[in-house]
Amino acid sequence: MLLEKVNKVLKPLSKFRLFVIFISGLVIIASLFPPLLIRTLIDSLGQDNLHFLVVTILTSLLIYFVLDFLREYLWSNLLARGKGFVRALLFENVLHKEYDYFLTHSLGDISNKILNDSEIYTRHRLILLPTLLLNISHVIIVAIFLAFINIYMMIGAIIFSFAFYGIYKIVNKRLRETAVKEREGYSDMLGAANETLMGINTIQLYSVENYFAKYFERIVEKYETRLITFKMWNALAGSATYAVISLLPIASVLIGILFMPIMNISAGDILAFYTLLPNLSTPLKNLTEFNIERQNARAIEKRLEELLEKKEAENENLNKIEKIETIEFENLGFDHEKGKKAFKNLNIKVELGDALAITGPSGTGKTTMLRMLKRRKNPTEGKILLNGIDALEIDVDSYIERIAVLTQDFFIFDDTISENINLGHNYSEKLIRDRAYTACIDHLSLDENAMGLSGGEKQRVALARALACDFDVLILDEPTSELDYETETKIIKNLKEFQKEHCCILIVVTHSENVIKNLCTKNLKLL
């Protein structure tokens with residue numbers, strides 16, 4: 001699934017990638033001419049065409065420089081665009097995940113997969129295979145040119161190069177194992193950082209900054225141990241390649257000098273061979289890095305697959321409803337996984353125009369009930385009936401958007417009050433101002449950044465956002481917890497007028513006697 005979806009989003013780059021591959025092929029060819037021309041120059045000393053050879057060498061070097069610059073720029077451009085496509089794909093899929101996924105997965109780990117793991121996998125899918133073929137072709141072409149210069153020196157270089165393959169096999173297995181552990185350790189570290197910063201208010205209120213600093217330090221130390229191990233094997237692979245590449249020219253020159261009288265090897269041959277051999281350094285180094293990145297890509301492939309997994313589609317034969325007119329709890333109950341009952345045998349019915357208060361001590365299942373109404377959890381006993389039909393027998397997409405929600409952990413992002421109310425919809429300015437009035441924030445400028453508001457003002461922005469939706473049911477979870485009595489009373493009055501005008505169902509989780517007595521018409525008390 002991952003491979004199929006990534007290939008699909010990267011398809012628009014296929015022609016551009018072919019062009020980059022073509023330019024890269026030209027660079028390989030252009031890199032071979034200067035050493036051969038130098039060989040001709042050395043063997044032609046004293047002849048009349050020296051000036052022409054010098055100009056030709058300089059021209060070939062200039063062409064090589066321009067093509068090499070263009071190649072590097074185009075590869076970077078290709079990768080940057082590809083990373084953007086894949087990150088957008090993964091982020092979109094994450095936003096459609098079931099709510100329980102976010103309860104069981106670290107936000108840091110999710111972010112790491114989207115931002116960092118995706119880059120490694122994109123390189124693997126978009127760049128590594130073409131560069132593998134290009135580098136193999138580069139090695140073969142250089143080998144042919146070396147054989148053309150002198151076959152005996154070429155054979156000596158090949159024999160010497162067998163050491164690289166042996167080291168490659170030894171290092172390969174450990175490299176893959178340490179790559180997996182390094183990725184997991186990085187996710188743990190990023191997750192700890194995100195979660196700690198999200199709780200900074202509580203941490204500072206309890207003056208436990210030093211405790212969490214030490215906690216994070218331990219996680220960093222654990223990651224660094226894994227990173228050092230991975231880097232050791234990474235460095236070993238790179239050093240082995242560098243050693244082979246560095247010694248090859250020296251070994252070849254020694255072979256040339258030793259056999260110079262016997263095999264008719266000229267000084268130009270030796271110099272050209274010595275100059276051309278470094279052309280193997282880049283492709284051999286790239287082949288080593290290909291192995292490293294391939295192991296990394298294999299290590300994170302399952303991690304990214306998880307982001308794309310989707311819950312199986314609901315039965316297409318399920319009932320569909322366009323408007324919620326009644327909600328009824330019929331012997332409703334819910335058991336947590338550990339066997340603890342949240343509530344049981346709840347029976348109540350609400351209709352359009354009703355305002356239901358759900359009250360009770362903490363831990364009695366009020367939030368669980370709200371999640372059941374939004375189908376984030378299903379009852380373990382009894383039923384929730386919508387228009388007299390079991391909610392489990394209704395296509396969730398046909399009714400879920402008819403329910404608007406204001407949660408306790410209201411979400412405010414870094415933009416204007418207007419955009420926070422709009423939340424990606426195309427509401428009219430009049431609608432936004434009307435809902436701001438109902439939520440008692442009409443005294444604020446809609447162009448003001450919402451991040452600078454107080455807790456109570458942010459809560460009212462979130463309330464205005466919920467009111468702006470097109471809904472039949474409005475669920476409010478502690479909607480006035482951040483407000484003073486006077487502001488709460490104003491909002492209760494505005495909500496009553498709003499409900500009378502729009503004839504909707506209100507379901508309010510609250511501890512406020514003011515809300516229970518002056519807004520709600522029914523009360524469901526959980527024990």
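Areas here come from the Shrake-Rupley method with a 1.4 Å probe, and for residues only the protein chains shown count as cover.

**Ground rules.** I'm working with a predicted model, so I keep in mind that local features need pLDDT of at least 70 and side-chain atom pairs count only at pLDDT 80 or more, while totals for chains, interfaces and linings use all residues. Residues are numbered from 1 along each chain as its sequence is written, and side-chain values use heavy atoms, with hydrogens and water left out.

**Entry: surface patch.** I looked for greasy spots on the outside and found V54, L58 and L61 in a nonpolar surface patch, about 250 Å² of accessible area together. L61 belongs to helix 3, residues 50-95. (Helices are DSSP runs of H or I with at least four residues, strands are runs of E with at least two, and both are numbered from the N terminus.) L61 has 40% relative accessibility, so I file it as partly exposed; the scale is buried under 20% relative accessible area, exposed over 50%, partly exposed in between, with a 1.4 Å probe and protein chains only.

**Entry: whole chain.** I counted elements next and got 17 helices and 9 strands. Of the 527 residues, 45% come out as buried. The chain exposes about 28,600 Å², and 58% of that is supplied by carbon and sulfur atoms. I also checked contacts (heavy atoms within 4.5 Å): among those with a separation of 6 or more, 80% come from residues 24 or more positions apart.

**Entry: helices 15 and 16.** How do helix 15 and helix 16 pack? I get an angle of about 0° between helix 15 (residues 455-468) and helix 16 (residues 485-502), with the axes 13 Å apart. Axes are lines fitted to C-alpha atoms, for helices over the stretch in contact, and angles run from 0 to 180 degrees between N-to-C directions. Helix 15 and helix 16 are therefore roughly parallel; the classes are under 35 degrees for roughly parallel, over 145 for roughly antiparallel, 65 to 115 for roughly perpendicular, and oblique for the rest. From helix 15, R460, L463 and L467 make the contact, and from helix 16 T487, I491, L495 and F498 do.

**Entry: salt bridges.** The count is 15 salt bridges in the structure. R87 is partly exposed because its relative accessibility is 26%, and E119 is partly exposed with a relative accessible area of 26%.

K214 and E217 form another salt bridge, at 3.9 Å, N to O. Both sit in helix 8 (residues 209-258), 3 residues apart, about one turn of the helix. E217 is partly exposed at 37% relative accessibility.

Then I checked E497 and K493, where the closest N and O atoms are 3.1 Å apart. They are 4 residues apart in helix 16, so about one helical turn separates them. E497 is partly exposed at a relative accessible area of 41%.

I also noted a network of salt bridges linking K323, R402, D470 and D472.

**Entry: two residues and their neighbours.** L129 is in helix 5, residues 107-149. Leaving out residues up to four places away in sequence, L129 touches H124 and F290. L129 and F290 are 161 residues apart along the chain, yet their C-alpha atoms are separated by 8.6 Å.

Is S418 buried or exposed? S418 is buried, because its relative accessible area is 17%. S418 lies in helix 13, residues 417-422, and touches I432 and L446, again skipping residues up to four places away in sequence.

Entry: N331 has phi near 50°; N331 is in strand 1, residues 326-335, and is partly exposed at 40% relative accessible area. N387 has phi near 55°. N387 lies in the loop between strand 4 (381-386) and strand 5 (389-390), and is partly exposed with a relative accessible area of 26%.

Methods:
Patches are made of residues with over 30% relative accessible area and no salt bridge: like charges are joined within 9 Å, nonpolar side chains (Val, Leu, Ile, Met, Phe, Trp, Tyr) within 5 Å. A salt bridge is a side-chain nitrogen of Lys or Arg within 4 Å of a carboxyl oxygen of Asp or Glu.
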